[in-house]
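This briefing goes through selected elements of the structure shown below, grouped by topic.

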Amino acid sequence: MTAAPGHAAGHMTRALELARRGLWTTDPNPRVGCVLAHGERIVGEGWHEFAGGPHAEVVALAAAGEAARGATAWITLEPCCHHGRTPPCSDALIAAGIGRVVYAMHDPNPRVDGGGAARLAAAGIAVEGGVLERECTELNPGFISRMTRGRPWVTVKLAASLDGGTALPGGESRWITGEAAREDVQRLRARSSAVMTGSGTVLGDDPRLDVRLPGASRQPLRVVLDSRLRTSPAARILAPPGKALILCTELDDTRAEALRAAGAEVAVVAGRAGNVDLEAVLMLLAARQVNELLVECGAGLAGALLTAGLVDELLLYVAPTLLGRGARRLADIDAPASMAERLEFAIVEHEDVGGDLLLRLRPRPGQG
């Protein structure tokens, strides 16, 4: 096969490139890539494509054949050591005669969590971890969050004008941002395990919240927080493709049956102050193997998540326009008692998206 550019660390960069091919397809599994090499010469490559399919290591070993013996395996995630849908990758590497394993990050899955590296070392294979670890964690934030915190990685997506308006006083909001920004949101949905909104948004905007990209092979679960089951059975969010889950605090049998007849699943979660308990919602979604949760919502739900410290990332598309006095707000939150108590974010990334500004923001330490 082809030779890797630059020094050997380039092999892990290549493994990360391979892992990114599974950005839209591996859910609920992590995105993983693997490169097998003798020095600078690559003899096998692989990436995990979909849950239940062969893992990256197995694909790379099959590509390398006998050339795998004595090679170094560059893997973005510690090889697994347990039987899931597929056999342990650590056993496959040992059987193939791999001489050395270098991985980017340890597997946070409690069924692995150092066990794969230990099994390889016990077989006499040299093992090294932590190479391009940060890049790998950025590729799999949801899987890591679900395994270590018992909840998904929560990203809230909002679009606003320069003066912080998300809609005109009467509610009109189409379109604040341009077509390129809306296409970018389609890619966000495609990589997400689930897309969540509130019943107010469903009633007011009747969104679909599905993926409409050419070649998209998977639809995220669409989740509606609807404590009183106000969602109409005719709502577009319930229509194919994909599945919809409506979460309420009390079950009204007549309304629930109508929603189920329309194709939705209805489930009850704990309530808090008349609304669904957001922490209970996240725990429920994690139990359903939701890794990355994209929230597309109005000011009420956005404010509730921010106030509760449950937002891991805020994606804000800012349009170079003004909506003026009375425009609807970005997030409904109480004003802080002092400037020292205000919510603060770090700008992780900024990008021009077709003339709109995309800000990727994360809460500063201690705020979420």
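**Sheet and helices in a predicted model**

Nine strands make up an open sheet of mixed pairing, and their order is 10-9-8-7-13-6-14-16-15. At its edges are strand 10 (265-268) and strand 15 (345-353), each of which pairs on one side only. From one strand to the next, the twist averages 25 degrees. The model is predicted.

**Within the sheet**

- Seven bridges join strand 6 (residues 153-161) to strand 14 (residues 313-319), and the two pair in the parallel sense.
- Opposite leucine 316 in strand 14 stands leucine 158.
- Helix 6 (residues 141-149) packs on the sheet, where it touches strand 6 and strand 13 (292-296).
- The direction of helix 6 makes about 130 degrees with that of strand 6.

**Serine 145 in helix 6**

- Serine 145 is a residue of helix 6.
- Is serine 145 buried or exposed? Its relative accessible area is 3%, which is under the 20% cut-off, so serine 145 counts as buried.
- A polar atom of the serine 145 side chain lies 2.7 Å from the backbone oxygen of arginine 151.
- Apart from neighbours within four places in sequence, the contacts of serine 145 are Gly150, Arg151, Pro152 and Trp153.

**Helix 2**

- Ala56, Glu57, Ala60, Leu61 and Ala64 are the buried residues of helix 2 (residues 56-64).
- Viewed down the helix axis, these buried residues fall within an arc of 130 degrees, so they line one face of helix 2.
- After helix 2 comes glycine 65, with a positive phi near 60 degrees.

**Helix 10**

- In helix 10 (residues 278-287), the buried residues are Leu278, Val281, Leu282, Leu284, Leu285 and Ala286.
- At the start of helix 10, aspartate 277 has a side-chain oxygen that reaches to within 3.0 Å of the backbone nitrogen of glutamate 279.
- Helix 10 is followed by glutamine 289, and the phi of this glutamine is positive, near 65 degrees.

Note on methods:
Residues numbered from 1 in each chain as written. Predicted model: local features only at pLDDT ≥ 70, side-chain atom pairs only at ≥ 80, totals over all residues. Heavy atoms only, no water. Buried < 20%, exposed > 50% of the residue type's maximum accessible area, 1.4 Å probe, protein only. Helix = DSSP H or I, 4+ residues; strand = E, 2+ residues; numbered from the N terminus. Arc of directions from axis to C-beta. Pairing = 2+ DSSP bridges. Axes fitted to C-alpha atoms, helices over the stretch in contact; angles between N-to-C directions. Contact = heavy atoms within 4.5 Å. Polar contact = N/O pair within 3.5 Å; in protein donor to acceptor, adjacent residues only side chain to side chain.
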